[in-house]
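The account begins with the charged pairs and then turns to the core and the strands.

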Amino acid sequence: MENDWEKCARTLSLNTKKELFDLSELLQILCKNVILNPSEKKYRIVKLSNKGIQERLVNRKGGLEFLNAVGFQTKVLDRSKVLELVVDDDEEISFIYQVHI
């Protein structure tokens, strides 16, 4: 049976090279922001209604699954759908650091 990472990798591979490049660039930025600013909540929230997020993440295969795999959870905030990374301690942030490398 496939684990979350294997499923995510398989799904990501369904993108074109350009789509995958754009998506991986965005995922790196999102992870890096959390790593560099772990206590700032604004970096742990991804607004799914944002046009750039729609184009480069939501409309790509595997992007949402990747963020779910690193700990982002779908929530509703101010009547808008968002992904939020809920972390309990620095150990969870270090996991994102490992994925980011």
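A salt bridge is here a side-chain nitrogen of Lys or Arg within 4 Å of a carboxyl oxygen of Asp or Glu. The model is predicted, so local features need pLDDT of at least 70 and side-chain atom pairs count only at pLDDT 80 or more, while totals for chains, interfaces and linings use all residues. Residues are numbered from 1 along each chain as its sequence is written, and side-chain values use heavy atoms, with hydrogens and water left out.

The whole structure holds 5 salt bridges. One of them joins Glu19 to Arg60, with the closest N and O atoms 4.0 Å apart. Because Glu19 belongs to helix α2 and Arg60 to the loop between α3 and α4, this pair ties together parts 41 residues apart in sequence. Helices (H or I, at least four residues) and strands (E, at least two) are DSSP runs numbered from the N terminus. A further salt bridge connects Glu25 and Arg56 at 3.3 Å, N to O; it links helix α2 with helix α3 across 31 residues. Both side chains are partly exposed, Glu25 at 35% relative accessibility and Arg56 at 27%, where buried means under 20% relative accessible area, exposed over 50% and partly exposed in between (1.4 Å probe, protein chains only).

Helix α2 also has buried residues, among them Leu23, Leu26, Leu27 and Leu30. Of its 18 residues, Val46, Leu57, Phe66, Leu67 and Phe72 touch the most other members. Beyond its neighbours within four places in sequence, Leu57 has contacts (heavy atoms within 4.5 Å) that include Leu23, Val46 and Leu67.

The strands come next, two of them counting as paired if DSSP finds at least two bridges between them. Strand β3 pairs antiparallel with β1 over 3 bridges, and 6 bridges join it, also antiparallel, to β2. Ile45 stands opposite Glu84 of β3, and Lys75 stands opposite Val82 in that strand. The side chains of Glu84 and Lys75 form a salt bridge of 3.9 Å, N to O. Glu84 is buried, at 12% relative accessible area. Salt bridges with shared partners join Lys41, Lys75 and Glu84 into one network.

Arg44, in the loop between α2 and β1, is buried yet lacks a salt bridge, the nearest side chain of opposite charge, Glu84, being 5.1 Å away. For such charges, Lys and Arg count as positive and Asp and Glu as negative, with His and the chain ends not counted.

How values were computed:
A nonpolar core is a set of buried Ala, Val, Leu, Ile, Met, Phe, Trp, Tyr and Cys residues joined through side-chain atoms within 4.5 Å.
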